[in-house]
Amino acid sequence: MDYHHFPGVTVEDVKKAHMADKQTQDKFGVKYHQFWVNQKAGTIFCLIEGPNPEACENVHKEAHGDVACNIVEVEAGLVDMFMGKAHNVEHGIVYYKDGNIDTGFRFILIIDILAKTSLDFADEISRFKVPTFARNTVFNSIKKYKGTQVKNISDDSIIGVFNEADAAYECVLGIQKLLSKKQNIEFRIGLAEGQPVTDSDGFFEEAIDFTKQLALMANSGEIVLSKNFSKLLPERSYGSMSTVKVVNETQQKFMESFFDYTEKNLSDETFNIANISQNMGVSRPQLYRKITALTGRSPVLFIRDIKMNKAMNLIKENKLSISEVAYQLGYSNPSYFSKNFRSKFGVPPSQFMLTH
């Protein structure tokens with residue numbers, strides 16, 4: 001799939017370009033299937049079948065000269081999950097069943113669920129660590145609101161994809177209401193909009209990474225929305241709702257810098273708040289105020305949560321020893337790492353490893 005950015009583009013422009021592509025594609029062994037167009041954002045996403053990215057690009061070059069900003073290889077199954085299967089296509093343009101143009105933008109829900117426990121028996125810990133009833137609640141809600149559950153290969157968070165912002169928001173409100181009734185369950189929800197391809201690599205990769213960051217920023221039981229997503233629902237007042245938080249553009253940029261620097265330095269045992277303050281160009285008191293306001297946690301506790309979530313995923317991969325996981329996350333003392341892990345999840349990492 002490729003991505004074009006043409007401010008002011010019209011559907012007629014894309015139709016003409018598509019016809020030119022169709023006339024040229026056989027020369028390069030390529031087939032242009034369909035296009036998603038967002039006239040407001042000036043974006044076009046082309047679904048292409050070809051031997052390599054260069055051949056696909058050559059069709060555009062020869063047909064009309066409008067080359068893509070980026071092109072990524074995508075598995076057919078992922079395209080179906082995010083974009084759907086039953087498309088109404090006219091002259092290559094994808095439409096919804098109601099006749100409106102499908103912009104290609106989707107709404108991404110990510111929810112992290114954790115069942116905390118202090119139990120000591122491995123089989124009971126295992127049942128607690130896989131809160132089936134909570135996950136089924138999420139799966140059923142995604143289906144109810146006509147979303148699609150997307151397989152997550154990087155961690156245990158649940159990903160849902162929706163065509164409509166209203167449906168996505170009603171879904172997370174329903175999930176929040178149902179899970180809030182359960183004891184010993186912690187959950188955090190991120191909700192944002194995203195496009196399939198950007199200047200970065202990966203299919204919906206940028207949108208998923210951003211939505212995961214929103215979920216990390218949430219307090220337990222809280223929903224965090226991107227500002228762009230909240231703009232799509234202007235009739236709602238999010239600011240007055242204590243369990244729904246909106247991250248504006250300035251806050252988003254700040255947190256993106258914070259996450260970027262933190263992720264790159266997690267394994268450095270000298271990594272600390274002073275490093276972050278200096279790198280981001282803010283004082284330690286400013287950093288404390290900003291992070292606490294956005295996450296409800298101090299920078300130290302928020303970084304610890306990031307490390308512990310990463311630790312859980314590494315342990316589940318079953319490729320590293322507990323000490324190796326500790327060192328990879330910047331802990332020179334495995335015992336101190338184990339203490340933090342137990343404080344976060346209720347069991348030591350060694351016991352957790354036995355159940356996965």
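Predicted model: local features only at pLDDT ≥ 70, side-chain atom pairs only at ≥ 80, totals over all residues.
Searching the whole structure turns up 9 salt bridges.

D305 and R297 meet through their side chains in a salt bridge, at 2.8 Å from N to O. D305 has 7% relative accessibility, and because buried means under 20%, D305 counts as buried. R297 is buried too, with a relative accessible area of 10%.

D305 also has a salt bridge with K344, where the closest N and O atoms are 3.4 Å apart. K344 sits in helix α14, residues 334-345, while D305 sits in helix α12, residues 299-317, so this pair ties together parts that are 39 residues apart in sequence. K344 has a relative accessible area of 9%, so K344 is buried. Through shared partners, the salt bridges join R297, D305 and K344 into one network.

Last, helix α7, residues 205-217. How far apart should the ends of its 13 residues be? At 1.5 Å a residue, α7 should span 18 Å, and its end C-alpha atoms are 19 Å apart, which agrees. As for cover, 10 of the 13 residues in α7 are buried, so by that count the helix is mostly covered. Among the buried ones are A207, I208, F210 and K212. The run from Q213 through L214, A215 and L216 to M217 is buried as well.

That is what I have for today.

Methods: Residues numbered from 1 in each chain as written. Heavy atoms only, no water. Helix = DSSP H or I, 4+ residues; strand = E, 2+ residues; numbered from the N terminus. Expected span 1.5 Å × (residues − 1). Buried < 20%, exposed > 50% of the residue type's maximum accessible area, 1.4 Å probe, protein only. Salt bridge = Lys/Arg side-chain N within 4 Å of Asp/Glu carboxyl O.
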